[in-house]
Structure formats: C-alpha cells, structure tokens
Amino acid sequence: MDYETIMQANLDLVFGERDPTRRMEAIRRLYSERAELHEPHRSAQGHEAICQAVTELLASLPPDFSFTPIRPALGHNGVGRLQWRAGPPGSPAAVTGTDVAHIEAGVIQSLHVFLDQPEA
C-alpha cells in the first residue's frame with residue numbers, strides 16, 4: 001500500500017482545497033462511504049459530513065493558510081501517519097500536527113487529526 005500517496009493526497013486535495021465541489025470529489029475517491037473524521041473538537045462520518053467539517057475549518061482560517069507535510073508519510077498494517085505544518089507560506093508554522101489514518105482497500109476508513117502542543 002502506498003501510504004505516502006494516500007496521505008499526501010488527503011492533505012492536498014481535501015484539506016488544501018478551498019472549492020467544496022472539488023473537495024467532495026477528492027473525498028469520494030480517498031474515503032470510504034462510511035469513513036470517520038476525528039478532529040480535536042469534533043467528529044464527522046460520511047462524505048457529506050466530512051466535506052462540511054473541512055469547509056468549516058477552512059472558512060475559519062485566512063485564505064493564504066496552507067497545510068504542508070513536514071516529512072513523507074509512513075505506514076504499516078493499515079495505519080498511515082503524516083506530520084504536517086500549517087500557516088501562511090513563507091511564515092513560521094501557526095500550528096503543527098499529525099494525521100493518523102486507518103486505510104483499508106486503498107481508501108481511508110478513519111482519520112484522526114492530532115494537534116501538537118504549543119511550545120512554552
């Protein structure tokens with residue numbers, strides 16, 4: 001299984017896509033129909049709910065805010081992990097985190113988003 005391709009596509013085509021129609025197309029390709037998204041403050045299940053959750057997240061961020069990988073994704077035994085940073089391009093990261101996905105039959109069954117604690 002190519003964890004890097006799936007995890008990077010999720011970062012780019014779902015969390016990096018501002019257009020909800022194109023985002024929904026990507027979700028339908030990358031996620032199972034009953035997939036679950038677990039963010040720190042909410043959960044969503046199914047394509048429409050996941051698209052809505054990401055739409056609301058992106059609407060709360062500045063337009064130039066983007067998600068980029070810190071390093072290539074890793075995975076084994078059906079679980080993929082991708083560390084990322086987010087913020088305006090060329091600026092220090094506003095937030096960093098890790099996506100952990102259960103992947104089966106080449107699609108995401110569940111995605112857990114973990115935010116790193118800010119450094120003191």
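1. A residue is called buried when its relative accessible area is under 20%, exposed when that area is over 50%, and partly exposed in between (1.4 Å probe, protein chains only). Gln 8 belongs to helix α1; helices (H or I, at least four residues) and strands (E, at least two) are DSSP runs, numbered from the N terminus. Leaving aside residues up to four places away in sequence, Gln 8 touches Pro 69 and Leu 82, where contact means heavy atoms within 4.5 Å.

2. The model is predicted: local features need pLDDT of at least 70 and side-chain atom pairs count only at pLDDT 80 or more, whereas totals for chains, interfaces and linings use all residues. Residues are numbered from 1 along each chain as its sequence is written, and side-chain values use heavy atoms, with hydrogens and water left out.

3. The largest nonpolar core has 32 residues; such a core is a set of buried Ala, Val, Leu, Ile, Met, Phe, Trp, Tyr and Cys residues joined through side-chain atoms within 4.5 Å. Val 14, Phe 15, Tyr 31, Leu 37, Ile 50, Phe 67 and Leu 111 touch the most other members. At least two residues of this core come from each of α1 (3-14), α2 (20-30), β1 (31-39), α3 (47-59), β5, β6 and β7. The largest share, six residues, is supplied by α1. Beyond four places in sequence, the contacts of Leu 37 include Phe 15, Ile 50, Ala 53, Val 54, Leu 111 and Val 113.

4. Asp 99, in strand β6, deserves a separate point.

5. Most residues other than glycine have a negative phi. Asn 77, in the loop between β4 (74-76) and β5 (79-87), has a positive phi of about 50°. Asn 77 counts as exposed because its relative accessibility is 73%. Ala 105, in the loop between β6 (95-104) and β7 (107-115), has a positive phi near 55°. Ala 105 counts as exposed, since its relative accessibility is 77%.
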